[in-house]
Amino acid sequence: TKICYTEWAREEINLTKSNERYYQPTDIKDALQTIQKLFNTYTDAPLTPELMAYHQKLVNQLSTNLLPLAQQQDDQLRVSQINSMTAVMQDWLKLRLNGQVFGGKMQHFKFVSNQKAQYKRRVHKIRGNQNHRASRH
């Protein structure tokens, strides 16, 4: 049998776990990875005002919270990663507002295209009785 909760019971459960609702990153790298993962989830989603507001919120997190923290710790690697992430995210918004596709994702805090080079392979069997195939490119 299935148990159905009423609306007030659901809200009561949500209120009791409200402190577990938000993710707290441990350091700057963890926060950047989380933002990257969230960004990659909606890159191909239809553009709505809610998505634009959420996207703007993530970009503001980068520029107002994480960038000053990285500058305060004098971590030039993280500063450059934050700047490249901000540029990629702003480019995404410009492309989507113009009706174009993004055509990639963010990986290692940089843009990575979905367009990959394809190589032609000639597969042959060595010593015909085995299933192992070698390719000579």
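**Helices α3 and α4: a packed pair**

The buried residues of α4 (buried: under 20% relative accessible area, 1.4 Å probe, protein chains only) pack against α2 (28–41), α3 (49–72), β1 (104–107) and β2 (110–113), with contact meaning heavy atoms within 4.5 Å. Helices (H or I, at least four residues) and strands (E, at least two) are DSSP runs, numbered from the N terminus. This is a predicted model, in which local features need pLDDT of at least 70 and side-chain atom pairs count only at pLDDT 80 or more, while totals for chains, interfaces and linings use all residues. Residues are numbered from 1 along each chain as its sequence is written, and side-chain values use heavy atoms, leaving out hydrogens and water.

**Helix α4**
- Buried residues here include V79, I82, M89 and W92.
- Just after α4, G99 has a positive phi of about 85°.

**Helix α3**
- At L66, α3 bends by about 35°, and the proline P68 follows within four residues; the bend is the angle between axes fitted to the seven residues ending there and the seven starting there.
- Among its buried residues are L51, H55, L62 and L66, and their cover includes α2 and α4.

**How the two meet**
- The axes of α3 and α4 come within 10 Å and cross at roughly 165°; axes are lines fitted to C-alpha atoms over the stretch in contact, with angles from 0 to 180 degrees between N-to-C directions.
- The two helices are therefore roughly antiparallel (over 145 degrees).
- Residues of α3 that meet α4 include L58, V59 and L62, and the α4 residues involved include M85, M89 and L93.

Technical notes
Buried means under 20% relative accessible area, exposed over 50%, partly exposed in between (1.4 Å probe, protein chains only). Angles under 35 degrees count as roughly parallel, over 145 as roughly antiparallel, 65 to 115 as roughly perpendicular and the rest as oblique.
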